[in-house]
Amino acid sequence: MTMQHFLLSAAARSLSLKAVFQMGEDKAYETFCQLRWPENDGEAVCPRCGCVETYNITSRRRFKCVACHHQFSVTSGTIFASRKLSYTDLLAAIVIFVNGAKGVSALQVARDLDVQYKTAFVLSHKLREAMALEDAGQTLGGVVEVDGAYFGGYVKPANVKDNRVDRRTKAVQSGKRQSVVVVRERDGDMLTFVGKSEADGVEIVATVVEAGAVVHADEASHWDALHARYETLRINHSEAYSLNGACTNMAESFFSRLRRAEIGTHHHISGPYLYAYAGEMAWREDNRRVSNGTQAHMVGEAAMASGVSRKWAGYWQRGA
């Protein structure tokens, strides 16, 4: 008997947009309180002095600390600070965001929530920034796969056939191509990094992979340096995808998801934001067997635990 795939089962669908819009603004507000202060059962805690006794200013949905008299809201000091969207729309945006297996375009979020494109763009990047907290300071061990792939820097071929050149050569490159390096633990999490070349991943592996780990890599020469630090197995993809116990198929599956996101959902990923999209796809891959309701709770909790974004502060992104 063939087992049903998890993503096709009812267990994968534990939260719907219909349920979010039916709960109403008051219930959505209570949900954010629970996400912000789970240790206090959703009761406000002063972000300035930590006092658990507050006055509830119900007319403005704000709180006033009994000890230091500081006034704050449930989103004060978080990545949603200075929000203009309703709590229902914020919660719906999180559900829409996690429901996309290959990501969700800002254009779709803008249409679903009836907001401007740049509002949806900034909101989506704030959620990606919150997602990244899960991997902050993390190290990997056991059996680890490493690999790299290049994204961006598309060079359009010439119109006339006689004028076309080999776009793989360095002379015709746009200079915008970047490498995403993935370090993936078997039956565990993964970390992603963006650099100018795949060779940059050698130092990254030494930083995030614990001593004693077994590393699987392909035959690219820059991975030769890993042999001095780890037990390293190599696979030549021109011969096989898996051979003598060595393979990087789990790393390749991440790149497949990221390619589908770039080609099928976003169509173009700007270089400065590649790290954010790579991190998002790593989060989706890590949590692919988690129900969408749990995923929404994880993202919401991470967003409420995040500080005010320095890059995505205000209505539009700040200049570098």
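Q: What makes the five strands β6, β5, β4, β7 and β8 an open sheet, and in which order do they stand?
A: In this predicted model, five strands form an open sheet in the order β6-β5-β4-β7-β8, with mixed pairing. Strands here are DSSP runs of E with at least two residues, and helices are runs of H or I with at least four, both numbered from the N terminus. Because β6 (190-195) and β8 (231-235) stand at the edges with a single partner strand each, one side of each is left without a neighbour in the sheet. The twist averages 20 degrees from one strand to the next.

Q: How do you know that β5 and β6 are paired?
A: Two strands pair if DSSP finds at least two bridges between them, and six bridges join β5 (residues 178-185) to β6, which run antiparallel.

Q: What makes β4 a mostly covered strand?
A: A residue counts as buried under 20% relative accessible area, as exposed over 50%, and as partly exposed in between (1.4 Å probe, protein chains only). In β4, seven of nine residues are buried.

Q: Which helices lie across β4, β5 and β6, and at what angles do they run?
A: Helix α6 (residues 249-266) lies across these strands at about 30 degrees to β4 (143-151), and helix α7 (residues 274-286) also lies across them, at about 165 degrees to β6. Such angles run from 0 to 180 degrees between N-to-C directions, along axes fitted to C-alpha atoms, for helices over the stretch in contact; contact means heavy atoms within 4.5 Å.

Q: Why is a group of residues called a nonpolar core?
A: The name applies because the set consists of buried Ala, Val, Leu, Ile, Met, Phe, Trp, Tyr and Cys residues joined through side-chain atoms within 4.5 Å. The largest such core has 65 residues, and Phe32 and Trp37 are among those with the most contacts inside it. Helix α2 (residues 87-99) gives the most to this core, with ten residues.

Q: On what basis are these values given?
A: Local features need pLDDT of at least 70 and side-chain atom pairs count only at pLDDT 80 or more, while totals for chains, interfaces and linings use all residues. Residues are numbered from 1 along each chain as its sequence is written, and side-chain values use heavy atoms, with hydrogens and water left out.
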